[in-house]
Amino acid sequence: MPTANAATPLSAADHAQVMAAYGRAAEVRARSLGNRGPIRFGADGRIDRAILDAYWEHGFYVLEGVVGPQELAELRASLDDVLARAPAAPGATLDRQGRPALGEGILKPPYRLAKPLSDPLGGTTKNNGRHPVAMAAPNLGDGAPDWTVELLDGNLHLSDACLRLYGHPGLLAVAAAINGDDFVPYNEVTFVKEAGLGPSVAWHQDGTTHWTAEDWDSGAHGFNFMTQLYPSTAGNCVWVLPGSHRLGKVDIKTLVASSGSDRIDGAVPMLAGAGDTIVTNRQLVHGSFANSSPDRRITLNAGFFPRKRVLGVTTRRLNGVVETYGEERIAERARILQLAIDARRQHFPQETPYVYRPLAGREDESLWTEANREALLKNYNQRDMFI
């Protein structure tokens with residue numbers, strides 16, 4: 001069987017064969033962990049303790065059936081529209097149809113493009129150097145497009161459907177159960193893995209601020225929700241090393257070297273269906289391979305932190321900017337949560353809206369209106385927080 005590593009690129013077909021073999025046994029391990037099922041509440045109205053126990057043991061949990069058929073269709077249509085308006089190449093102002101690319105008035109470019117099946121981060125100093133080892137980058141051959149969208153930044157001002165998902169009462173209840181009722185937001189991005197084109201995201205651990213803190217724990221850098229718009233398979237998904245969120249800062253270079261390739265021993269794929277949401281601890285060792293599979297993946301990420309890990313903290317963001325997060329700064333960013341809750345209330349009136357404790361009694365300050373779209377939502381991701 002062919003082998004895959006960063007030094008000896010394979011064809012896309014050979015890479016797909018290697019990944020299929022790697023995935024077969026790992027899929028069995030993934031499904032044996034006992035960390036998947038629907039959102040469940042106990043008699044006290046809180047998230048079922050069994051969900052939390054499994055999350056804290058393995059570092060991730062697959063919440064099944066979070067997004068119903070109507071909402072899933074709305075999310076897919078909305079994201080397809082956003083992707084269709086992507087610039088034709090980095091720095092271009094027109095999309096592939098010659099129309100102005102989406103992004104007028106948005107300060108942070110909403111699209112990140114990459115070469116198909118490439119590894120834009122591994123072995124570089126990007127993202128504070130937290131991706132130390134390059135992944136295999138298969139050769140797609142002649143006729144491949146020059147660029148593919150790998151990430152959208154700022155889901156909530158790009159898509160009303162994404163804003164409504166952000167206010168999902170079940171997901172926000174999970175956020176409170178993990179991080180406390182006063183949890184605070186991080187950022188929201190979309191990972192795009194087009195079939196046969198999607199670039200890899202090299203192995204890494206998220207978070208940079210609290211690794212050496214005296215009160216470090218397995219939840220110190222928060223978690224991400226990862227809502228899947230299409231099935232998450234062994235060939236296109238994020239892979240994780242279960243339990244690694246409890247190990248502190250892991251030597252990923254040694255881990256890869258001891259495994260003999262970028263296919264880390266003991267890693268499992270985060271398998272999920274369309275409409276499932278994966279809760280992923282940001283301290284897990286995780287990464288994704290080039291998507292040489294025939295299956296598309298689009299993942300909506302939304303991250304959350306414990307307030308105590310953010311308040312008063314000075315940190316360097318991935319773009320190099322140094323910031324300190326005070327009460328006012330946190331409250332300003334958290335208003336987007338309340339905006340999303342009201343947007344969802346208006347669209348899904350049959351649901352009981354989530355009550356975000358830090359803003360309880362102040363809901364009328366962040367109602368979903370066209371005026372607040374401009375005043376609160378546009379360029380909201382300039383206020384993202386990072387630890």
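Modeller: Let us begin with a term: a residue is called buried when its relative accessible area is under 20%, exposed when it is over 50%, and partly exposed in between. Please keep in mind that this is a predicted model.

Colleague: Is aspartate 342 buried or exposed, and why?

Modeller: Aspartate 342 has a relative accessible area of 6%, so it counts as buried. Arginine 345 reaches 39% relative accessibility and is therefore partly exposed.

Colleague: What joins aspartate 342 and arginine 345?

Modeller: As a general idea, side chains of opposite charge can pair when their charged atoms come close. Here aspartate 342 and arginine 345 form a salt bridge, with 2.7 Å between the closest N and O atoms. The two residues belong to helix α9 and are three residues apart, about one turn of the helix.

Colleague: How many salt bridges does a search of the whole structure find?

Modeller: The search finds 29 salt bridges. One of them pairs glutamate 74 with arginine 164, whose closest N and O atoms are 3.6 Å apart. Glutamate 74 is in helix α3 and arginine 164 in helix α6, so this pair ties together parts that lie 90 residues apart in sequence. Glutamate 74 is partly exposed because its relative accessibility is 22%, whereas arginine 164, at 15%, is buried.

Colleague: Which residue forms a salt bridge with arginine 112?

Modeller: The partner of arginine 112 is glutamate 150, and their closest N and O atoms are 3.1 Å apart. This pair links distant parts of the chain, since arginine 112 is in strand β3 and glutamate 150 in strand β4, 38 residues apart. Arginine 112 is partly exposed at 33% relative accessibility, and glutamate 150 is buried with a relative accessible area of 9%.

Colleague: Which residues touch the most other members of the largest nonpolar core?

Modeller: In soluble globular proteins, nonpolar side chains tend to be buried together. The largest nonpolar core holds 69 residues, of which Phe183, Phe304 and Tyr356 touch the most other members. Helix α9 (residues 327-347) gives the most to this core, with eight residues. A second, separate core has 31 residues, including Val240, Ile252, Val256 and Leu271.

Colleague: In what order do the four strands of the open sheet lie?

Modeller: Strands of a sheet pair through backbone hydrogen bonds, either parallel or antiparallel. The open sheet here has the order β6-β11-β8-β9, with antiparallel pairing. Strands β6 (201-204) and β9 (268-269) are its edges, each pairing on one side only. Two bridges connect β8 (residues 238-240) with β9 in the antiparallel sense, and valine 240 stands opposite valine 268 in β9.

Definitions and conventions:
Residues numbered from 1 in each chain as written. Predicted model: local features only at pLDDT ≥ 70, side-chain atom pairs only at ≥ 80, totals over all residues. Heavy atoms only, no water. Pairing = 2+ DSSP bridges. Core = buried A, V, L, I, M, F, W, Y, C linked by side-chain atoms within 4.5 Å. Buried < 20%, exposed > 50% of the residue type's maximum accessible area, 1.4 Å probe, protein only. Salt bridge = Lys/Arg side-chain N within 4 Å of Asp/Glu carboxyl O.
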